[in-house]
Amino acid sequence: MLNRRMILQGLASLPALRLGFSAGQARAQPLPIAAELRGALDAAQAGIVPGAADNQSRKLQALLDAAAASGQPVFLPAGAYEVSNLDLPDGTKLFGVPGATRLTYTGDGHLITARDARHVALSGITLDGANRWLADYADALVSFRAVDEVLVSDCEIVGSRKHGLQLERSGGKVKGCRITGAADAGLLAIETKALSIQDNDVTDCGNGGILVHRWIKGEDGAMVSGNRIARIGARAGGTGQHGNGINLFRADNVLISDNQISDCAFSAIRANSASNVTIATNQCLRSGETAIYAEFSFEGALIADNLVDGAANGILVVNLDEGGRLSSVTGNIVRNLKPDGPYSHDGAGFGFGIAVEADSVVSGNVIEKAPKWGLMLGWGPFLRNVVASANIIRDCPVGIAVSVVEGAGTTLISGNVIGGAPDGAILGYRWNDKATDELIDGAAGHPHLTVEGNRRG
C-alpha cells in the first residue's frame with residue numbers, strides 16, 4: 001500500500017496544474033489528485049510493470065478485483081501494458097498518468113468491459129486497440145452495460161476495429177477524452193440514463209462520431225456539449241444512417257450545445273425521431289449532406305444560434321408525413337452551400353438554406369449563398385402553421401419557396417429582407433415546379449398565404 005510520499009513520486013510527471021501547485025510553491029501543499037488516490041494500490045508493487053514481455057492481464061485483473069473489494073483505487077504508473085479481456089468489478093477506480101499510461105489490447109476478445117455495477121471510474125489512461133480483431137460478442141473496444149455511474153475522464157481510446165466506447169443502459173459522464181480511429185462510431189450510447197458527454201475530441205472514425213440511440217423511443221436526457229468532432233466517414237454507406245458527427249435516434253429531451261463539428265460525410269447533427277431536442281450554439285463546418293437535421297417522428301425541436309458554413313443543405317426540419325412537427329429555428333447563420341449531395345435525391349434535392357414543414361417559427365436567421373432556395377416552406381401538401389419572419393436572405397436564386405399545392409396550410413411570410421435573388425424573391429411551388437409569379441407584394445389567389453412587409457435588399 002502506498003504512503004503519501006510514494007503517491008507524490010508516482011505523480012511527479014503530471015502537469016503542475018493538475019497537481020495543484022505552481023513551480024514556485026512547495027510540493028507539500030494539499031493535492032486534489034492525490035486525494036483521489038489516497039490509499040491506492042500501486043500496480044508496480046503487485047508485479048505489474050510497463051514493457052514486460054508477458055501478457056499482464058491476469059495480474060491486473062487480480063489487482064482490480066482485490067482493490068474493488070477493499071474500496072481502494074488502483075494507480076498504473078507511466079508506461080505500456082499488454083492486456084486483454086479485463087472485466088471491471090463494481091467499485092473499480094483505475095487511474096493512470098494522462099498521455100503516458102497505456103493499456104494495449106493483445107487480441108482474443110475485448111479490452112475492457114464492465115456490467116451490472118453501481119460505479120466504475122477510469123482516468124488518465126490510453127486504451128489502444130491496435131486495430132486488432134474484436135470478438136463477435138464485443139461491439140466496442142471499451143464497453144459498459146448496466147452501470148449506474150460510469151466516469152471516464154482524460155482518457156484516450158484509439159484504434160478500435162468496431163466502436164471505440166459503448167455505454168448501454170448506463171449513466172455518468174465521459175469528459176475530456178480523445179477518441180480516434182474507430183472503424184465504426186467513436187462513442188455509442190444506448191438507452192442511457194442522463195449521460196453527460198462533455199469536452200471530448202472525437203476524430204477520424206469510420207461511421208459516426210457520438211451516437212445517442214434508444215431501442216424504444218422515450219426520454220433519454222443526455223447532454224452533449226463542448227465536444228470537437230472531425231472527419232467522420234460513412235464506411236457502411238447509406239443515405240444518412242452513418243456518417244454523422246452527432247446522431248440521435250429515438251432519444252428525447254437531449255441537449256446538444258457548444259460543439260464544433262467539421263468534415264462529416266453526412267450531417268454534423270442529425271436528430272431522427274428525437275422529440276424535445278435542443279440544438280444550440282454549435283459550429284457545423286463542411287458537412288457532406290444536411291448540416292443540421294430534425295426528421296421523422298418528432299415533436300419539438302429548438303434550433304438556435306448555430307453557425308453552418310458549407311453543406312448540401314443547411315437546416316432541415318421535415319417529415320410531417322411521419323409526424324415531424326413543432327419547431328423554432330432562430331438566430332442561425334447558414335452560408336456557402338452546394339447543389340450536390342452524397343447520393344442521388346429523388347425528391348426536393350439539395351441546395352436549401354433552411355426548410356420547415358409544420359407548426360414552426362423561422363425567424364432572425366441569416367442565409368447566404370444557398371444554390372437553390374434560401375427558405376423552403378413546405379413540400380407539396382406538407383405545410384401547416386408556419387411563420388417565416390425577420391430573416392435576411394442573400395445571393396440565392398430564389399429567396400423563399402413556399403408550397404401552393406392543394407392542402408397546404410396557413411403560412412405567414414413577413415418582414416424578411418431578400419437580396420440577390422435573380423429568379424424571384426418569394427415564389428410559390430408545386431413540389432419542385434414553379435407555380436406562381438413573384439409574390440413579394442402579396443399572395444392574391446392563395447388564401448393559405450399571408451405575405452406582407454417583405455423587402456428586397
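User: Leaving aside its neighbours within four places in sequence, which residues is Lys173 in contact with?

Analyst: This is a predicted model, in which local features need pLDDT of at least 70, side-chain atom pairs count only at pLDDT 80 or more, and totals for chains, interfaces and linings use all residues. Residues are numbered from 1 along each chain as its sequence is written, and side-chain values use heavy atoms, with hydrogens and water left out. Lys173 belongs to strand S12 (residues 171–175), where helices (H or I, at least four residues) and strands (E, at least two) are DSSP runs numbered from the N terminus. With contact meaning heavy atoms within 4.5 Å, the partners of Lys173 beyond those neighbours are Val150, Leu151, Val152, Leu195, Ser196 and Gln198.

User: What separates the C-alpha atoms of Lys173 and Val152?

Analyst: Val152 is among the residues that Lys173 contacts. The two residues are 21 residues apart along the chain, and their C-alpha atoms are separated by 6.4 Å.

User: Is Thr104 buried or exposed?

Analyst: Buried means under 20% relative accessible area, exposed over 50%, and partly exposed in between (1.4 Å probe, protein chains only). Thr104 sits in strand S6. Not counting residues up to four places away in sequence, Thr104 touches Tyr81, Glu82, Val83, Asp128, Ala130 and Arg132. Its relative accessibility is 9%, so Thr104 counts as buried.

User: Why do the buried residues of H4 line one face of the helix?

Analyst: The buried residues of H4 are Ser57, Leu60, Gln61, Leu63, Leu64, Ala67 and Ala68. Seen down the axis of H4, they line one face because they fall within an arc of 165°, the arc being that of the directions from the helix axis to the C-beta atoms.

User: Which exposed residues does the face of H4 turned away from its buried side carry?

Analyst: On the buried side, the residues of H4 pack against strands that include S1 (41–42), S3 (79–83) and S6 (101–105). The face turned away from that side carries Arg58 and Ala69.

User: What is the reach of H4 from its first C-alpha to its last?

Analyst: Helix H4 spans residues 57–70 and has 14 residues. The expected span of a helix is 1.5 Å times one less than its number of residues. For H4 the expected value is 20 Å, and its reach is close to that, at 20 Å.

User: Which residue follows H4?

Analyst: The residue after H4 has a positive phi, near 75°. That residue is Gly71.

User: Where is Asp199 placed?

Analyst: Asp199 is not a glycine, yet its phi is positive, about 60°. At 43% relative accessibility, Asp199 counts as partly exposed. Its place is in the loop between strand S15 (193–198) and strand S16 (201–205).

User: What is the relative accessible area of Asp395?

Analyst: Asp395 lies in the loop between strand S37 (392–394) and strand S38 (398–403). Phi of Asp395 is near 55°, a positive value in a residue other than glycine. Asp395 is partly exposed, and its relative accessible area is 35%.

User: How do the residues of the lining of the largest pocket divide into nonpolar, polar and charged, and what are the counts?

Analyst: On a 1 Å grid over the protein atoms alone, a pocket is an open set of points where a 1.4 Å probe fits, with protein on both sides within 12 Å along at least five of seven lines, and lining residues have an atom within 4 Å of a point. The largest pocket is lined by 39 residues, with Thr239, Arg270, Tyr293, Glu295 and Phe296 nearest its centre. Ala, Val, Leu, Ile, Met, Phe, Trp, Tyr, Cys and Pro count as nonpolar, Asp, Glu, Lys and Arg as charged, and the others, Gly among them, as polar. The lining has 16 nonpolar, 16 polar and seven charged.
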